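Welcome, and thanks for taking a look at this one with us. Here is a short tour, grouped by topic, to read with the model open beside you.

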Amino acid sequence: MEKEWVIGVNTAHRFKNLRVSSNDIFSKLFYENQVLMVLTHYEDGIILDVNHVCRVLSGYTREELIGRNVCEMAFYVDPEARQELVKRICQDGYIRNLEIKCRDKYNNTKYVLLSSSILEVDGETCLLNSLVDITSRRQAIFPANAEGEKYRLGSLQDITWRQQAKSELNRSKKLFYQLFDNLPLPTIIVSSKDKRIVEVNDAFLAFSNMTRKDIAALQGKGKKMPPAIYRFYEMVAEQGLVKSFECNYRSPSGEDGSVLVSGVIINWEGEECVLSIGIDITQLRRYQTEMVRMENLHVIGQMAASIAHEVRNPMTTIKGFLQLFQNDENYREDHEDMRLMVAEIDRVNEIVSSFLSLSQMNLIELKAQSLNNRVTTLIPVIIAEASGKDIAVKTKLRKVPPVLLDDGEFRQMLLNLARNGIEAMTEGETLTIRTFADQGGINLQVEDHGQGIPEAILGRLGSPFVTTKETGSGLGLAVCYSIAERHDARIKIETGPAGTRVTVIFPPPA
């Protein structure tokens with residue numbers, strides 16, 4: 001049978017004898033709840049009823065609170081707090097865990113998490129509020145508050161409650177920091193207000209190759225946040241939660257990478273912050289790009305292997321007849337045209353040879369050789385080609401361990417890279433060829449001082465038919481990638497307005 005829940009009222013107030021129809025369960029949830037429960041009138045904030053926890057949190061008895069106006073009691077430290085509360089409830093219908101500052105009976109400032117929802121009571125619109133004291137998260141037992149006053153000693157029960165709350169908070173903090181510091185993913189907490197870095201974990205320090213002192217010094221310089229990261233924090237502020245936002249970064253070593261960032265709004269010691277966790281996907285993106293390039297090379301290679309001989313045989317026949325006609329006096333007037341046709345046939349044969357290099361059907365013989373000796377042998381050929389454009393060739397060859405090389409393929413790769421650099425420059429500039437060893441392996445580097453590679457095609461370099469030259473076939477660099485793969489090497493390209501640097505990184509000797 002349904003019972004009537006009698007709301008306690010002040011005899012001097014207009015809500016005297018107000019009764020609410022409710023079942024026994026709701027009544028128990030209200031009165032026996034260990035969280036402070038308060039029922040107030042929606043429009044004017046008059047307190048209609050409270051449970052027994054009010055004495056612990058506010059210092060007032062239940063009878064002292066019922067019938068009073070929360071605003072007249074100066075319950076809110078910020079007088080506009082309740083107006084904002086009502087405004088948000090009008091918009092959303094409820095509030096969850098809103099942190100506010102309030103005053104108790106002894107004028108002590110406290111911090112509480114307020115949850116509130118609308119409730120109809122005998123046709124009157126009311127607010128059902130629950131308040132959780134979180135003051136102990138900010139202050140030790142009875143410290144000086146913001147106004148420089150001391151908390152007054154309460155009852156023994158109040159002291160015990162505060163001690164338990166403090167102990168529980170310390171355990172929670174310890175657990176959080178253990179999780180935060182040992183999380184293997186880079187994690188950072190940033191202030192929503194001024195984008196100040198509040199806390200980072202060890203994985204973030206390792207990822208950024210920075211110390212906590214470096215981060216503090218960086219913030220002191222007022223360095224602007226990258227646009228992509230700024231946009232991420234704006235999205236988190238708007239949505240509250242953002243998952244898998246991809247953005248690019250540049251590592252301390254100068255390499256570009258990609259990271260997936262997820263962020264959520266949290267309350268960190270009374271301040272609204274964004275907790276962000278990143279997953280480095282640089283290797284994944286490189287792998288995906290390489291897979292696309294390899295698939296293209298595979299298709300081109302299959303096509304080249306199937307048609308190469310069929311193309312070469314008729315072209316060889318045509319070239320042979322043209323050469324015979326060049327020696328025939330009857331065709332003297334056409335000799336120049338025939339010479340041009342023979343040159344074009346040679347160009348076709350060169351393209352077919354490039355196709356065959358892509359097919360990966362070439363038999364290669366890898367031998368441990370001196371990289372510097374192989375480069376020195378090819379320098380005269382490169383100088384001869386560069387002299388036609390008045391390009392200087394400079395070498396900087398450091399002592400490096402032997403590398404497993406195939407003579408023919410290494411020759412083709414180096415000449416292709418050198419030719420690309422020479423064609424990218426104008427008269428009087430310099431092509432630099434370097435060799436050196438580092439932690440990544442044995443490096444062969446070809447650097448030019450041209451205008452750089454357009455960003456639009458930078459991501460497609462190494463794919464067949466991608467070129468910046470008006471008359472290029474777009475196969476030279478693709479062949480270099482294919483040769484590098486057969487040598488277990490990788491190619492790294494750095495480019496900008498000042499030129500392009502191509503590095504072939506061979507694996508270190510076993």
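The buried residues of helix α4 are covered by elements that include β3 (36-41), β5 (94-103), β6 (109-121) and β7 (124-133). Please keep in mind that this is a predicted model.

- Helix α4 spans residues 81-92, twelve in number, and its first and last C-alpha atoms are 16 Å apart, close to the 16 Å expected at 1.5 Å a residue.
- Ala81, Arg82, Leu85, Val86 and Ile89 are the buried residues to look for in α4.
- Viewed down the axis of α4, the buried residues fall within an arc of 135°, so they line one face of the helix.
- Turn to the other side of α4 and you will find Gln83, Cys90 and Gln91 exposed.

- Eight bridges join β10 to β11 (residues 256-268) in the antiparallel sense.
- Phe245 has Val261 of β11 as its bridge partner.

**Ile189 in strand β8**

- Strand β8 covers residues 187-191 and holds Ile189.
- Leaving aside residues up to four places away in sequence, Ile189 touches Phe176, Phe180, Arg196, Ile197, Val198, Glu199, Ile266, Trp268, Cys273, Val274 and Leu275.
- One of these contacts, Cys273, is 84 residues from Ile189 along the chain, yet their C-alpha atoms are separated by 6.4 Å.

**Aromatic pairs**

- Phe75 and Tyr76 make an edge-to-face pair, with 5.2 Å centre to centre and 85° between the planes.
- Both Phe75 and Tyr76 are buried.
- Phe321 and Phe325 make a tilted pair, with 6.4 Å centre to centre and 40° between the planes.
- Phe321 and Phe325 are separated by about one helical turn, because they are four residues apart in helix α9 (residues 282-326).
- In general, an α-helix has 3.6 residues a turn, so residues three or four places apart point the same way.
- Phe321 counts as partly exposed at 47% relative accessibility, and Phe325 counts as partly exposed at 31%.
- Phe232, Tyr233 and Phe245 come together in one aromatic cluster.

Technical notes
Residues numbered from 1 in each chain as written. Predicted model: local features only at pLDDT ≥ 70, side-chain atom pairs only at ≥ 80, totals over all residues. Heavy atoms only, no water. Helix = DSSP H or I, 4+ residues; strand = E, 2+ residues; numbered from the N terminus. Contact = heavy atoms within 4.5 Å. Pairing = 2+ DSSP bridges. Phe/Tyr/Trp six-rings, centres within 6.5 Å; stacked < 30°, edge-to-face > 60°. Buried < 20%, exposed > 50% of the residue type's maximum accessible area, 1.4 Å probe, protein only. Expected span 1.5 Å × (residues − 1). Arc of directions from axis to C-beta.
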